[in-house]
Amino acid sequence: MDWSALSVSLRLAALTCVFLLPLGILLGRWLAVARFRGKGLCEALVALPLVLPPTVLGFYLLQSFGREAPVGQLWMTLTGGGLNFTFSGILLASLVANLPFAVQPIQRAFEHVPHNLREAAWCSGLGPWQTLLRIELPLVWPGILSASALTFAHTLGEFGVILMVGGAIDGETRTLAIAIYDRVQAFDEQGAAQMAALLLVVSFTTLGVVYGLAGRRRWARG
Amino acid sequence: MARLQVNVQQAGPIPLDARFGCLPGELLALVGPSGSGKTTLLRAIAGLYRPQHGHIECAGDTWLDTRHQHSLSPQRRRVGMVFQDYALFPHLTALANIALPLRHLPQPQRRLKAAAWLETVRLKGLENRYPSELSGGQRQRVALARALARDPQVLLLDEPFSAVDQVTRRRLQRELARLRQHISIPIVLVTHDLEEASALADQICVLHNGNSLQQASPETLFRTPASPSVARLLDRHNVYQGQVVESAGTHRLRWGNVELDVATGLEGLAPGTQVAWYLPPSDIVLHRRGRPSHGERENPVAASVDDMLVLGSMTSVALRVPHGDVLRFDIATHAARRNDLTPGAAVHVSLLAGGIHLMPGQGDDMTPNEKRTPI
């Protein structure tokens with residue numbers, strides 16, 4: 001069992017969720033509520049990582065993370081380090097690759113909140129933030145839960161993008177999914193089997209817990 | 001003055017040209033067919049819709065003044081709004097729904113006050129029910145309590161009885177009438193149900209295509225509609241065209257081949273003037289066979305029964321006069337039977353002079369004239 005790979009995977013998945021959820025809530029709500037020209041284009045951009053081959057996405061990220069590229073340069077001035085083949089790099093790549101998994105369930109959930117509930121909240125004296133906090137977020141909670149579950153589980157399983165951007169540096173960018181591939185390449189089937197089973201259990205448990213939680217709201221029955 | 005005064009105009013996308021007012025403790029019904037702008041006007045009062053031009057004032061505060069780029073947000077207008085489908089927060093219990101507008105109070109007081117409102121609308125014991133666990137009528141009452149809990153300066157009701165069955169509707173209407181004793185703010189009710197409006201409202205404002213055609217008490221409105229359009233929107237059909245004539249020194253109204261006495265309104269009109277007139281159905285008196293009846297000498301008109309429709313204890317009668325116009329009125333079914341009313345039968349009626357209402361200068365079509373109708 002490659003414990004450092006497991007640790008990298010869990011850290012990556014948790015941090016991706018932490019950074020992506022607030023973004024997913026804001027972006028999802030905006031896409032659900034706003035009406036503007038070019039909205040379809042925005043939605044397509046968000047959904048792109050779903051259909052793009054991970055190697056293609058990884059290739060473009062690798063290009064833009066380079067020291068001569070704008071993103072790489074910006075990161076350099078901000079932190080003094082590079083992005084390619086670092087944990088920060090795969091985290092940034094993971095944020096991009098998981099955007100649709102975080103945004104889409106939340107956007108669908110916001111779309112199902114009737115607009116007159118917002119208006120009723122305003123007429124009850126609640127400002128926009130209070131309305132979001134007390135009315136909208138409790139109602140879109142199942143969407144947020146499934147967005148977190150999908151993002152977490154998908155990050156654990158991401159392979160192509162991470163390999164392109166991060167390589168397989170032990171303790172830094174080698175995730176469990178990559179470690180399994182390495183084990184198989186090294187004909188260590190038992191090691192690969194252990195880690196594959198672990199990934200299966202973790203993913204299944206995450207999804208099970210989340211979907212179980214989402215179905216337990218008394219007010220949604222009846 | 002704690003009155004509500006609304007005056008809004010815009011060319012589009014929803015055309016509006018409406019002016020109406022409502023005194024504290026008074027219930028004003030906005031009545032009109034669907035698409036007449038009723039709900040839009042209600043939303044404009046609440047601050048949920050911003051018309052291009054207008055002035056809205058309530059309890060001495062200016063809520064909207066487009067000339068000075070002034071518009072208060074819904075949060076700052078202190079309106080109690082009951083939405084058509086109630087818009088209860090599904091994730092909050094009945095008590096929490098009502099407590100939400102009370103967030104300025106400390107927690108224990110908030111609960112007490114919300115519980116008191118729940119009791120006022122007779123829902124004590126249902127504090128912890130979620131909206132999905134309440135009946136339609138109970139939901140409406142929670143919505144009403146939530147609207148009132150904010151201690152609003154105006155209560156707005158958007159078709160509040162349309163989502164429940166007939167029996168519940170009657171009960172809720174009685175409930176609202178009872179509750180009004182405790183409410184001393186203007187109440188604006190949007191409805192397309194004329195019966196509901198005349199039963200509940202002190203004042204009715206008739207709307208058509210965003211225009212406010214007339215505001216008056218139900219009695220005044222049903223007896224003296226300002227124009228043929230108002231009469232038609234109020235489902236009043238006895239609107240005719242006549243001509244002012246002078247005979248033996250007095251002005252009379254010629255209608256087909258008969259000349260009618262009119263109690264008021266003719267003096268100022270020159271002979272020869274074409275004028276639209278209306279007669280409330282209650283002022284058409286059927287002459288009994290063989291026996292003189294009250295007012296028989298007043299404007300007697302010969303007619304034949306054109307059509308009869310028995311609706312339970314009342315019968316709807318249409319009489320055709322020789323020159324083709326049709327008089328409609330309702331009489332008790334037993335009276336229709338006693339008088340042998342059958343299609344084709346010849347009858348005599350009196351058109352009471354005091355009921356004839358002249359609408360000079362009003363065409364029979366929906367003309368821009370209506371915009372000048374005094375409100």
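The largest nonpolar core has 154 residues, and B:A29, B:L30, B:I45, B:I98, B:L156 and B:V188 touch the most other members. Such a core joins buried Ala, Val, Leu, Ile, Met, Phe, Trp, Tyr and Cys residues through C-beta atoms within 7 Å. Helix α8 (residues 128–157) of chain A gives the largest share, 10 residues. Domain 1 (4–232) and domain 2 (239–359) of chain B both contribute, so the core lies between them. Those bounds come from an automatic or database domain assignment.

This is a predicted model: local features need pLDDT of at least 70, side-chain atom pairs count only at pLDDT 80 or more, and totals for chains, interfaces and linings use all residues. Residues are numbered from 1 along each chain as its sequence is written, while chains are lettered from A and ligands numbered from 1 in the order in which they are written.

Beyond four places in sequence, B:L30 is in contact (C-beta atoms, placed from the backbone, within 7 Å) with residues including B:V188, B:V190 and B:L207.

Between the chains, 17 residues of chain A are in contact with 18 of chain B. On the chain A side, α7(A) gives the most, with six residues.

Buried here means 20 or more other C-beta atoms within 10 Å, exposed 12 or fewer, and partly exposed in between; C-beta atoms are placed from the backbone.

The peptide bond from B:G12 to B:P13 is cis, with omega near 0°.

Terms used
Helices (H or I, at least four residues) and strands (E, at least two) are DSSP runs, numbered from the N terminus. Two residues are in contact if their C-beta atoms, placed from the backbone, lie within 7 Å.
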